[in-house]
Amino acid sequence: KSTACFLTFELTIDIVIVPSFVNFAELLKRLSKICLILVKSAEILSISVSYLIISLLTILSSCTVNDKSLDNLNNAQSFLDNIITNPEKAKSLLHDDFSFAWMGIIEQGGKLWNKENLFNEYFATIIPEILPNGIILKTVDSISDENGVAIIQVGDAEGKNGEYDNNYVWVFKFKDGLIYELREYNSDLLVAERLYDYKLIKLD
């Protein structure tokens, strides 16, 4: 919603009547007054026009940023929705220099995956081994701007060692309108116990 502001300037000019005997001092005084009013009016008009132009440029810039932010969010969500069911669609959203890492400290934690082996190896062999029945991910919140996106999800799954309902944060960075970098954050303690064969031992 935009609001247009209109400024009305009233300019009052005294009519100069020159009698038969001219008082030049009074005439000059009136002419000076008229010139001063004209100059002030021009200054105000110039400032108002400049302010209007700046405001319009700011609005247009904001709209462009908002559109890019929304595009990034839609592409990030589409990637997550299609990782397993439509990998070609998901892959089409990735930059050629894309990298992915799960930010845990065990097993595959910290290892970088690229546009090719992410689908050919990570999602094709590693994930099915630890999540044989798949996983349901539900987005509960998100934040985005023109440079990146963060999506928060809750998971519902059965790991090879029991119930695995982890919480996820996916952090996306974009370049040239494509996903350039993706980092996955969740509880690696839950990953260790339910997806791998680690045991939590209390230390005395």
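Trp-170 is buried, with a relative accessible area of 5%, and Tyr-168 is likewise buried at 4% (buried: under 20% relative accessible area, exposed over 50%, partly exposed in between; 1.4 Å probe, protein chains only). The structure is a predicted model, in which local features need pLDDT of at least 70, side-chain atom pairs count only at pLDDT 80 or more, and totals for chains, interfaces and linings use all residues. Residues are numbered from 1 along each chain as its sequence is written, and side-chain values use heavy atoms, with hydrogens and water left out.

Tyr-168 and Trp-170 form a stacked aromatic pair, with 5.8 Å centre to centre and 5° between the planes (rings of Phe, Tyr and Trp, the last by its six-membered ring, pair if their centres lie within 6.5 Å; planes under 30 degrees apart count as stacked, over 60 as edge-to-face and the rest as tilted).

Strand β5 pairs in the antiparallel sense with β3 (residues 148-159) over seven bridges (two strands pair if DSSP finds at least two bridges between them). Here Val-154 stands opposite Asn-167. Antiparallel pairing over seven bridges also joins β5 to β6 (residues 178-185), with Val-171 opposite Arg-183. The hairpin formed by β5 and β6 has two residues between the strands, and Asp-176 in the turn has a positive phi of about 60°.

Methods: Helix = DSSP H or I, 4+ residues; strand = E, 2+ residues; numbered from the N terminus.
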